[in-house]
Amino acid sequence: MDGNGRWAKKRHMPRVFGHQRGVEAVRRTVRAAREMGLEALTLYAFSTENWRRPEDEIGALMSLLKRFIVDDLDEFAANNVRLKIIGDHSAFAPDVVELIDKALARTRDNDGTTLAIALNYGAQDEIARAAAKAAARGPVTVESIAAELDTADMPPLDLLIRTSGEVRLSNFLLWQAAYAEMCFLDVLWPDFTPDHLAQALADFAQRERRFGGR
């Protein structure tokens, strides 16, 4: 979900305004994903590198995260959405951790769309953690590492969408993206709509996936 800051800058507004509008895009996208019957949707909300940002911006992001959970948790529960976190959210402030843990517990048994939010997440860190756990259990293989990934209980990644015109993965789901289809859009995240998601899915449906075969 890239482009919140640039969206705000184009409008001569502070970056936090772009993040606020980005949350609105999250709501639209989650609702659309559920209505379209997607099994899982993963959103990159806060990376391990985002700690380098100014403290006031990090604080604003945490406030928006808390507000999103408080305002939307009832809707998740009512619509059978399961909330999942990938990454290590225990690094956040205790009140944020408590709020997240309660949301996870409340939606744990939901079996509709899984909404995975990447918080304090970096794919290289995830792979390193998974490899260490695999090594502690026995031989390190592709299968043993995959079983220890944060996404081990989720379906394989089919489609990865990045907004804002950047053409890179930025340390997101590197292992899972090995054979995923990619979609890079010029639209800034606050302007992302269900129509963009629907078009990306339509384009995905036309692709031939060979997974290394002929």
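Visitor: Ser-164: buried or exposed?
Guide: Buried. This is a predicted model, and in it Ser-164 has a relative accessible area of 9%. The cut-off for buried is under 20%, so Ser-164 qualifies.

Visitor: Where does Ser-164 lie?
Guide: In the loop between strand 4 and strand 5.

Visitor: What about phi of Ser-164?
Guide: Phi of Ser-164 is near 85°. That is a positive value, and the residue is not a glycine. Most residues other than glycine have a negative phi.

Visitor: Which other residue has a positive phi although it is not a glycine?
Guide: Asn-80 is one, with phi of about 65°. Asn-80 is found in the loop between helix 3 and strand 2.

Visitor: How exposed is Asn-80?
Guide: Partly exposed. The relative accessible area of Asn-80 is 29%. Ser-164, by contrast, is buried.

Visitor: Back to strand 4 and strand 5. How many bridges join them?
Guide: Four. Strand 4 covers residues 159–162, and the two strands run parallel. Leu-159 stands opposite Glu-181 in strand 5.

Visitor: Which residues are on the covered face of strand 5?
Guide: Glu-181 and Cys-183. Met-182 and Phe-184 are on the uncovered face. In a regular strand the side chains alternate between the two faces of the sheet.

Visitor: And the three-stranded sheet: what is the strand order?
Guide: The order is 1-3-2, in an open sheet with parallel pairing. Strand 1 and strand 2 are the edge strands, each pairing on one side only. On average, neighbouring strands are turned by 20° against each other, direction ignored.

Visitor: How many bridges join strand 1 to strand 3?
Guide: Seven bridges, with the strands running parallel. Leu-41 stands opposite Leu-115 in strand 3.

Visitor: What else does Leu-115 touch?
Guide: Leaving out residues up to four places away in sequence, the contacts of Leu-115 include Val-30, Leu-43, Phe-76, Val-81 and Leu-83. Arg-82 and Lys-84 are also among them.

Visitor: OK, the core. How many residues does the largest nonpolar core have?
Guide: It has 39 residues. Those with the most contacts inside this core are Phe-92, Ile-100, Leu-115 and Leu-119.

Visitor: Which elements give two or more residues to this core?
Guide: The helices are helix 2 (15–35), helix 3 (55–78), helix 4 (94–107) and helix 7 (194–205). The strands are strand 1 (40–47), strand 2 (82–86) and strand 3 (114–121). Helix 3 gives the largest share, nine residues.

Visitor: What lies apart from that core?
Guide: Another core, of 10 residues. Ile-86, Ala-118, Leu-173 and Ala-180 are among them. In soluble globular proteins, nonpolar side chains tend to be buried together.

Visitor: Now aromatics. How many aromatic pairs does the structure hold?
Guide: Nine. One of them is Phe-68 with Phe-76, with ring centres 5.8 Å apart.

Visitor: Why is the Phe-68 and Phe-76 pair edge-to-face?
Guide: Because their planes are at 65°. The cut-off for edge-to-face is over 60 degrees.

Visitor: Are Phe-68 and Phe-76 buried or exposed?
Guide: Phe-68 is buried, at 7% relative accessibility. Phe-76 is buried too, at 5%.

Visitor: Which residues do ring pairs link into a cluster?
Guide: Tyr-44, Tyr-121 and Phe-172.

Note on methods:
Residues are numbered from 1 along each chain as its sequence is written. This is a predicted model: local features need pLDDT of at least 70, side-chain atom pairs count only at pLDDT 80 or more; totals for chains, interfaces and linings use all residues. Side-chain values use heavy atoms; hydrogens and water are left out. A nonpolar core is a set of buried Ala, Val, Leu, Ile, Met, Phe, Trp, Tyr and Cys residues joined through side-chain atoms within 4.5 Å. Buried means under 20% relative accessible area, exposed over 50%, partly exposed in between (1.4 Å probe, protein chains only). Contact means heavy atoms within 4.5 Å. Two strands pair if DSSP finds at least two bridges between them. Rings of Phe, Tyr and Trp (its six-membered ring) pair if their centres lie within 6.5 Å; planes under 30 degrees apart count as stacked, over 60 as edge-to-face and the rest as tilted. Axes are lines fitted to C-alpha atoms, for helices over the stretch in contact, and angles run from 0 to 180 degrees between N-to-C directions.
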